[in-house]
Amino acid sequence: MFMRNSLFFIAIFLLGMFPLKLNASEIQHINPPSWWVGMKLPLQIMVNGPDISSYDVTVKNGNGVKVTGIHKAESPNYLFIDLEIPQNAKPGTYNLVFSKDGKSFEYPYELAARRDGSADRESFTTADFIYLIMPDRFSNGDPSNDSTDDTTEKANRNSLGGRHGGDLQGLINHLDYISDLGMTAIWNTPLLLDDDRHGSYHGYAASDYYQIDPRFGDNELFKEFVSQAHNKDLKVIMDVVTNHSGTKTYWWAEDLPFQDWIHQFPEYTGSNHANSAILDPNASELDRTLAENGWFTGGMADMNLDNPYLLQFFKQWALWWIEFADLDGYRVDTYWYNEKEPMSEWNKAIIEEYPNFNIVGETWISQTPAIAYWQKDNNNHDGFNSNLPSVMDFPLLNAANSVFGKPHSETNGENGENQRRGRRNNGAKALYDVISQDYLYPDVNNLLVFTSNHDTDRVGDVVGKDIDRFKAMMVLFSTVRGIPQIFSGDEMMFSSVDPKTGHPGLRVDFPGGWEGDAFDFFTEEGRANADTDFNGQPIEKGMRKELYDFSKNLFQWRKNADVIHNGKTKHFIPTNEGYGYFRYNDQDVVFVFINTSESETINVPWSRYSEISSGLGSGRNVLTGEEITITDDTQVGPMQTLVVEFKK
């Protein structure tokens, strides 16, 4: 009995002398999982664990690194810790000591050194051409992770809306293809964990903001992907979502830190999707509230960025991925659905840390003034400044679809969905009208201009698989002001499996990305031999190669055309369906003429352009490489283009 009592008291004594080892039941999540010395943004660590709010927290042997504040949430299972990190702090592992009732345990927390020049990193600019990839649909480089034990949805390539197995290794395997095409940047749709029971492949309903989905790889492989992309002179833009997360799948879903962590209603309430309510000084509070606070879909809980702890969480999350993975830019999904003032702070926090960093927001709006409202430093009626550097030029996409889209009945029948924005209206004037409103933007060059993306109609569907219309569209988006982006496969005029199936049907797999595919479009031979479309119908053999070669020639030319990157624009009101515009600087001039007529050949009205064309002499036809002298007798056929570069 004496021996047992002695051992008991010795054990109690030792427990008091030595901290308890970390137990998985003590801390379940800690965000951000690490940090860096030399960051400007103050650090607030969110800790999640059973009854963690009852603990006190200090830093053991911090040498200046110390806890300056502890904040409890409404749930007892969260704690927010303010950590002060002097600029001269030494990188290393610091132990957070959690104490309660005379007992304690330690949690190691890393403060790493930043890479040289991290704060001054460059970002994507007008000199770039962006390749948008939906990773699950691009290439399956590692079949072993198609389905995993720790995720719900399993791979099923036979399901249009299912997981198909594309992953980070597949991206790494085809970086040469992307670079050879003439691309200089990659934007992937979200790669973070999305553990929805079905339809999780798109990634827009995150289940953990700090974890790459294991069906794509892991955090370290993502870091390796970015590094290898940089080795190929390719920048990486991460797609992020601040407006919503997975409704039931996020680990905090059943135990929110605060009840206003997300927007909650007595019953499901969706957004009214009315951007006008955000901008309109006469809008009702009801409409404005539903626009910002209503849920995007039932499977995506709407985040409340007015909660200061959540806003801080998102600021740190953004900086963490930039620093951890060495990112080059962000694309923000459903941008205007977020609370606008907190998002302005979010942008500002990123730019203060990385002054050259570019962020583009998805501003899916049809009116140019409404899009311009969201760009940084716009002269808004209410004095609001978004601090968002770049916005997406949906009006130009809509005009291009209108001009180059085949008539509705020629493509998919009277009930076809793909031409809902593809009816012709006023021809070339539609393009002119969009560009004529450039004065509304504070930085017109920092617009994202795009042929399509993962949510819009495929280029092949819009143009009715017409090669001339396709080429004209590629010329337009490769030569106008702004930063161009195509969706993977646009270079070969990909079309939907079936436009009536919506998103799953247009997000087709890239042929050759899976072992056993009938054709490999990553190779010249595969492109040359392809004779079947995505819907199983025959196509002209060699068409894919022709379109790829055309696109590559155009994109590679743009890569080195500074006059397109930074030049000014001068355009002329279209006559006879011909739209002519010039991109120019002190050294070079590029002339672009697009005949948008469906049947008429047009003479280029060269003398009408004399204020800029006079004295240019002969130039080089960019599309053919031939020397050319343009006169009023120069003709351009229906849905044909002319691109000529001149030296002043």
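Against which strands and helices do the buried residues of helix 8 pack?

1. This is a predicted model, in which local features need pLDDT of at least 70, side-chain atom pairs count only at pLDDT 80 or more, and totals for chains, interfaces and linings use all residues. Residues are numbered from 1 along each chain as its sequence is written, and side-chain values use heavy atoms, with hydrogens and water left out.

2. The buried residues of helix 8 pack against strand 13, strand 16 (329–332), strand 17 (358–361), helix 5 (275–279), helix 6 (285–293) and helix 7 (308–325); contact means heavy atoms within 4.5 Å. Helices (H or I, at least four residues) and strands (E, at least two) are DSSP runs, numbered from the N terminus.

3. Helix 8 (residues 340–353) is largely enclosed by the rest of the structure, because 10 of its 14 residues are buried (under 20% relative accessible area, 1.4 Å probe, protein chains only). Among them are Met 343, Trp 346 and Ile 350.

4. Strands 9-10-13-16-17-18-19-20 form a closed barrel of eight strands with parallel pairing; two strands pair if DSSP finds at least two bridges between them.

5. Elsewhere, strand 21 (residues 568–571) pairs with strand 22 (residues 578–584) in the antiparallel sense over four bridges. Lys 570 stands opposite Phe 582 in strand 22. Six residues lie between the strands of this hairpin, where Asn 576 takes a positive phi near 55 degrees.

Conventions
Buried means under 20% relative accessible area, exposed over 50%, partly exposed in between (1.4 Å probe, protein chains only).
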